[in-house]
Amino acid sequence: MWDSDDPVPRAELLKKVKGVDALFCVLTEKIDTELLDAAGPNLRVVSTMSVGYDHLSLDELKKRGIRVGYTPDVLTDAVAELTVALLLCTSRRLVEATHEAKTGGWGTWRTLWLCGYELANSTVGIMGLGRIGLAIAERLKPFKVKKFIYSDVSPRPELANQIQAEYVSMDELAKQSDFLAVCCALTPETQGICNKELFSKMKDTSIFINTSRGGVVNQEDLYEALSTGQIAAAGLDVTVPEPLPTSHPLFTLKNCVILPHIASASFTTRNAMSSLAANNLLAGLRGDPMEKELQL
């Protein structure tokens, strides 16, 4: 066991993993060929305390017949809540406002000082309509959103019907969205999908929010879009790399709010995630069905 909040050093992990039957990991550990070779043939189960699995080499795990547990569903509410909080914080310029209040910028009342953008009568776009995208839309609906649209690899009518969301192309998602929330998984197809081409089609009043994975965004293109006024603002809970160096240009922008990957950071959710990951691991060792198993 690595008993620290800091990630286990790679060399230490490769040394200690030798001969284990099962591995409980988090998303900071790359479970790749090197690690699986170091573990050896006894390894039968990998259980990750995350809903995302882009840190796992799935082809290699499948080839070796290793079962994989993960933790979807239990973090849906926490991630959806944080996404809404980040969206409001970004669109209503709360970080800027707090800074002004603290540093003496709060003077007399000014007509357009710190004005932002409202959700009422807006179009909200969701890139990747899964459990989390649906939960975000359900929470935004009471804000009098006029219309929900979404883009995905294919239409998701069983989910879309619950929020009366319209399926559109990526081009239309960019063009129509006043608020664009990215909720897709990181795959080879979605790597860097939020790039110059997407931002160039967005409104100059639009708000871009990403709580999925940092790799879906080309950060250089995002910086360009924000610094030139191509889009109004962005809120990010995920970046590449993590942590993002404090010298990164995105940190210099007032219209970019960056959080340190805390979407699932509630006591309730982290306890549920750890419990589910542990139970997945134990079930895998017993040869029983896991509560949440990734089908390889």
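Which residue in strand 6 is the bridge partner of Y150? To find it in this predicted model, select Y150 together with strand 6: the partner is Y167.

Seven strands form an open, parallel sheet, and their order is 6-5-4-7-8-9-10.

Select residues 76-91 next. This is helix 4, which lies across strand 7 (179-182), strand 8 (207-210), strand 9 (233-236) and strand 10. Relative to strand 8, helix 4 runs at about 150 degrees.

The largest nonpolar core has 37 residues, and L119, V124, I126, L129, L140 and F148 are the ones that touch the most other members. Among the elements that give two or more residues to this core are strand 4 (123-127), helix 6 (131-140), helix 7 (157-163) and helix 11 (267-286). Helix 4 provides the largest share, seven residues.

Centre the view on V124 and show its surroundings. Beyond its neighbours within four places in sequence, V124 is in contact with L119, L140, V145, K147, F148, I149, S177 and F179.

Finally, select I149, C194, F208 and V216. These residues are included in a second, separate core of 26 residues.

Conventions:
Residues numbered from 1 in each chain as written. Predicted model: local features only at pLDDT ≥ 70, side-chain atom pairs only at ≥ 80, totals over all residues. Heavy atoms only, no water. Pairing = 2+ DSSP bridges. Helix = DSSP H or I, 4+ residues; strand = E, 2+ residues; numbered from the N terminus. Contact = heavy atoms within 4.5 Å. Axes fitted to C-alpha atoms, helices over the stretch in contact; angles between N-to-C directions. Core = buried A, V, L, I, M, F, W, Y, C linked by side-chain atoms within 4.5 Å. Buried < 20%, exposed > 50% of the residue type's maximum accessible area, 1.4 Å probe, protein only.
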